[in-house]
Structures are given as C-alpha cells and as structure tokens.
Amino acid sequence: MSVLGKRIVVSGASSGIGRAAAQILAKSGAKVVLIGRDETRLDSTLNMLEGDGHSKYVFDLNNTDEIPSFIKDISVKQGRLSGLFHAAGLEMFKPIGLVNNKSIEQIFSVSIKAALMLARGFCQKGVREEGFSTSIVFMSSVAAMTGQAGMTIYSASKGAIDGAVKSLACELAPHLIRVNAIAAGAVKTEMHDKIIARMTAESIKEYERKHLLGFGRPEDIASAAMFLLSDASVWITGTIMVVDGGYMLS
Amino acid sequence: MDKKAFLADMAEILEVTNAELSDALELNNDNWHSFAVVATIAAINEHFGITVPADTLIKCSNIGELINLIEANIK
C-alpha cells in the first residue's frame, strides 16, 4: 500500500480525520500538503509529521471560486500532485422547520461545493502527475445511506458527494484520475464530540451500540483514505467505501 | 444574546405560534420529546454559542425555566 514519494493534498488537516490522514500518509513516505483555516492548529499537525517535504496552506474552502487557482499555486510551489483527500466538513443538526438558505449554504459550501472545486483544481493541466494513476478521495457518511431525524442538510450534502463521485469517476478515468469516497460512521473527533454533547447518556450508549465495533477512531478512516490514495487501489474508482464499524448492519 | 430569534426557533420546535410561546408554556410529554430536546440544544448553540447538556435540559418544565437555564450558562 505504497504512497512513497507521492505528493498528497489533505484538506481539514488541522484536526480529526484530516490530521490523522496527514500523519499516516507522512509516516508512509508521502509528501503531505496540509490545508486548513487555523494556522496554529495546522502548525501543530505539521510538527507531528514524520519525514520531510511537507507544507501547509491556510485557506478557507468557503472561498470556492478561488480553489482551482489555489491548487494550481500549490503545484507550482511544491510540485505536481498525486492525490487529494478532502476531509474538511461540518455537521449540523436542524429540524426541517428551521432549515434556511444560510444553513444549507454553510454545509454545502465546505462539503460538496469545495469538493467539486478541489477536483477541478486537481484536474488542471500541469497540476497533477500525468501518465500515472492519481486519486481523489472525498468524505461521505453513512448519513447519506440511512436516515436520521434532524440531519437532512448533512445527509443531502453527503448524498451529493456520492453522486458526484460516480460521475467524476466516469469523466476522469481517461485521465487516470480515480475518484472515490469514504462513507464513515461515527468517529471520535471534535465534530463527534459536538454531536454527542446534544445527546443524553442513554442515547449515546444506544448510538455506540449501533456501531457493532464501537465508535471509530480518526486513524480508522485515515487508513482507508491511504488505501484509496495508494497504488494498492489502482483498479478502484467510483466507489463509496463504507467504514462504519458495522453501523449499517444494525 | 439573540433571544428573539431563539424564541422564534423554539416556537417552531414546539409547534406553537410565537404568541403562544410564553414563560409559562409547559414542556411536557407531548412537546418535550428527545427530538425537541436535541433540536433545542442545537438552537441554543447556534444563538448563544453554548452547549447545555441534554440531561439537564430535559428537566426543564416550562419555557421560563429553559430561559433561566440558558442565562445561567451564559454567565
């Protein structure tokens, strides 16, 4: 499962799954380009990385129109890219009666809009390695496949990711760009802490029980992301890989 | 503290009109179910930037108590 020498962009790298992915990729010999909004936390991630050739960029992915030129700029300064892992995301609990344009935009902007613009940036001529298999990995969620009251916007944004993965995979296969997503269950991150803070102790136990292997760790998703970014998955594209500790079975 | 916007959200969550939403409005088995509690926690977080534990919030018996709880957590 080699990523040795590959230059891989990781969004949401200042915490949680993005940070864990950056760490495991660096440990395996990749040169990681960290993207995040918080410079201090991004520096912390950078300091955790093994190996050399890593870099960091403070950037707000809500500036979607600027993403393609931002990615181009990264490739000019760091060299051509082999992979992209879009780990940045937000969660939101909102009954349909409270949904408004602002809340939809908040979630869709950093999830699907940023994903599409990151893909556009990655596809530009001169940005990615050519003649070799390259890989784009997005974060989806089991919430796109199973319903959960109050999670309509979030589920819809992840459903949009799942749809985009399939069409992008078709469009980009001739350019040897693979496109996949990871549908994660509940993973112990800051986002997860916010979700369970809204639940009673009893509900948390029930929620974890539905994950047959318990709540996941960021490293569990990071490992799956590394597989999809590596040459071990060179014949895999257009898939939504479920990594949920058995949640979908319960 | 955006109390007016929060109360508008509470009216939506409890399925009452803004006019019906007074401090005396009872929170009971009919309207104070787990989904309403979770929605209220999310609304409190959005409007006041604080997180009130579900186990505490569920004990509120009317809107007045709910507002007092929020104010106590803000201080």
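A:Leu176 is partly exposed, with a relative accessible area of 40%. On this scale, buried means under 20% relative accessible area, exposed means over 50%, and partly exposed lies in between (1.4 Å probe, protein chains only). The model is predicted, so local features need pLDDT of at least 70 and side-chain atom pairs count only at pLDDT 80 or more, whereas totals for chains, interfaces and linings use all residues. Residues are numbered from 1 along each chain as its sequence is written, chains are lettered from A and ligands numbered from 1 in the order in which they are written, and side-chain values use heavy atoms, with hydrogens and water left out.

**Backbone angles in two loops**

A:Leu176 is found in the loop between α5 and β6 of chain A. Helices (H or I, at least four residues) and strands (E, at least two) are DSSP runs, numbered from the N terminus. Although A:Leu176 is not a glycine, its phi is positive, at about 60 degrees. B:Glu15 likewise has a positive phi, near 60 degrees, in a residue other than glycine. Its place is the loop between α1 (3–14) and α2 (34–48) of chain B. With 70% relative accessibility, B:Glu15 counts as exposed.

A:Ser133 belongs to the loop between α4 and β5 of chain A. Is this residue, A:Ser133, buried or exposed? Its relative accessibility is 19%, so A:Ser133 counts as buried. Contact means heavy atoms within 4.5 Å. Not counting residues up to four places away in sequence, A:Ser133 touches A:Lys6, A:Leu176, A:Arg178, A:Asp231 and A:Val234. The side chains of A:Ser133 and A:Arg178 are joined by a polar contact of 3.0 Å. A polar contact is a pair of N or O atoms within 3.5 Å; within protein, one must be able to donate a hydrogen and the other to accept it, and residues adjacent in sequence count only if both atoms are side-chain atoms.

**Salt bridges**

A salt bridge is a side-chain nitrogen of Lys or Arg within 4 Å of a carboxyl oxygen of Asp or Glu. By this rule there are twelve salt bridges over all chains.

| Residue pair | N to O distance |
|---|---|
| A:Lys6 and A:Asp231 | 3.0 Å |
| A:Arg198 and A:Glu91 | 3.1 Å |
| A:Asp220 and A:Arg217 | 2.7 Å |
| A:Lys94 and B:Glu46 | 2.6 Å |

A:Lys6 and A:Asp231 form a salt bridge. This pair links distant parts of the chain, 225 residues apart: A:Lys6 is in the segment before β1 (7–11) of chain A, and A:Asp231 is in the loop between α8 (218–229) and β7 (240–243) of chain A. A:Lys6 counts as buried, at 11% relative accessibility, while A:Asp231 is partly exposed, with a relative accessible area of 40%.

A:Arg198 and A:Glu91 also meet in a salt bridge. They too link distant parts of the chain, 107 residues apart, with A:Arg198 in the loop between α6 (190–197) and α7 (201–210) of chain A and A:Glu91 in the loop between β4 (83–86) and α4 (101–123) of chain A. Both A:Arg198 and A:Glu91 are buried.

In the pair of A:Asp220 and A:Arg217, A:Asp220 is partly exposed at 29%, and A:Arg217 is partly exposed at 43%. Salt bridges that share partners also join A:Glu39, A:Asp43 and A:Lys56 into one network.

**Where chain A meets chain B**

Twelve residues of chain A are in contact with 14 residues of chain B. Buried area is the accessible area (1.4 Å probe) that two parts lose on being put together, summed over both. Between chain A and chain B it is about 1100 Å², of which carbon and sulfur atoms give 72%. Which three residues supply more than any other three of the area that chain A buries against chain B? They are A:Phe93, A:Leu98 and A:Arg198, with 47% of that area. The count between the two chains is one salt bridge, and A:Lys94 and B:Glu46 meet in a salt bridge.

**Nonpolar cores**

A nonpolar core is a set of buried Ala, Val, Leu, Ile, Met, Phe, Trp, Tyr and Cys residues joined through side-chain atoms within 4.5 Å. The largest has 35 residues, and those touching the most other members include A:Leu61, A:Ile67 and A:Phe138. α4(A) gives the most to this core, with eight residues.
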